[in-house]
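Please keep the sequence and the structure at hand while reading.

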Amino acid sequence: MAMAAAVRAAAADAAVTFLWVLCASTLGASTAAVTSYLPVEEEGAARCALLVTVSLLFLLLFAFNLLCDALGGACFNPTDVAASYAAGLSAPSLFSVALRVPAQAAGAVGGALAISELMPEEYKHMLGVPSLKVDPHTGAAAEGVLTFVITLAVLWVIVKGPRNRIVKTLMLSVCTVCLVLSGAAYTGPSMNPANAFGWAYVHNRHTTWEQFYVYWICPFIGAILAAWTFRAVFLRPAPKPKAKKA
């Protein structure tokens, strides 16, 4: 039973990650397409594009949250699995993790290959592809810090944030867009090792040390540190009641 459940979880992760990379990579092109139809003056174009991006990401996250719930807690980011375990929110078996992380990477490869073929030629330069734009150590630090922040934000919003699903999703959308803008000049950014691996595979960079160092090691470190921080600050164990003296 445990093995069958782990296989089902890995299959769900692979499918969701495939769809996530397929859809999320088009946010830039989708934003450009939507804003081109809006009557916006040139000085307000940047603010309008930002608002459109947040709105599209909100819809995407809302849909994927429903999909992941329907699939029994599927996940499209390996660092989320690690952070959930480190924060004490889940306790997956080692066998399950050993299946789910490669499944997510494989799903990301499929999604990146699919959208590379499906995207019209004039929009391919707008695909959201993580790429290292600084030296490896700076890039690794950037990915680690960005993943720390997004993981801490996700944990707080999901566990301690508002109960309303729409408000939760909006908060995550705004936070994600802010971090993507902050890290754009460094690593893309990715904040998702599976997504980065998928695009690295497409461009034949998936076996390099820089790919492993920048987009796998440091994001996992950042996510785990964020989970430990969240657990220490927000999930303090309730004090044990004192035993009454006879």
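Apart from neighbours within four places in sequence, leucine 57 is in contact (heavy atoms within 4.5 Å) with Trp20, Leu27, Ser173, Thr176 and Val177. The model is predicted: local features need pLDDT of at least 70 and side-chain atom pairs count only at pLDDT 80 or more, while totals for chains, interfaces and linings use all residues. Residues are numbered from 1 along each chain as its sequence is written, and side-chain values use heavy atoms, leaving out hydrogens and water.

A nonpolar core is a set of buried Ala, Val, Leu, Ile, Met, Phe, Trp, Tyr and Cys residues joined through side-chain atoms within 4.5 Å. Buried means under 20% relative accessible area, exposed over 50%, and partly exposed in between, with a 1.4 Å probe and protein chains only. The largest such core has 16 residues, of which Val16, Trp20, Leu57, Phe64 and Phe76 touch the most other members. At least two residues of this core come from each of α1, α3 and α7 (165-183), and α3 gives the largest share, 6 residues. A second, separate core has 10 residues, including Val21, Leu22, Ala29 and Ala108.

## Helix α3

Helices are DSSP runs (H or I, at least four residues), numbered from the N terminus.

Among the buried residues of α3 are Val52, Leu57, Phe58, Leu61 and Phe64. Its buried residues pack against α1, α2 and α7. Glycine 72 follows α3 and has a positive phi, near 80°.

Alanine 10 is placed in α1. With a relative accessible area of 8%, alanine 10 counts as buried. Leaving aside neighbours within four places in sequence, its contacts are Leu99, Arg100 and Ala103. From alanine 10 to phenylalanine 212 the sequence separation is 202 residues, and the C-alpha atoms are 22 Å apart.

## Glycine 128

The loop between α5 and α6 (136-160) holds glycine 128. This residue is partly exposed, because its relative accessibility is 40%.

Apart from neighbours within four places in sequence, glycine 128 is in contact with Ser25 and Trp199. Leucine 146 is 18 residues from glycine 128 along the chain, with 17 Å between their C-alpha atoms.

## The pairing of α8 and α9

Helix α9 (residues 209-234) packs with α8 at an angle of about 170°, and their axes are 9 Å apart. Axes are lines fitted to C-alpha atoms, for helices over the stretch in contact, and angles run from 0 to 180 degrees between N-to-C directions. Angles over 145 degrees count as roughly antiparallel, and α8 and α9 are therefore roughly antiparallel to each other.

On the α8 side, Pro193, Ala194, Ala196, Phe197 and Ala200 meet Gln211, Tyr215, Trp216, Pro219 and Phe220 of α9. The residues of this contact comprise 9 nonpolar, 1 polar and no charged. Here Ala, Val, Leu, Ile, Met, Phe, Trp, Tyr, Cys and Pro count as nonpolar, Asp, Glu, Lys and Arg as charged, and the others, Gly among them, as polar.

Technical notes. Angles under 35 degrees count as roughly parallel, over 145 as roughly antiparallel, 65 to 115 as roughly perpendicular and the rest as oblique.
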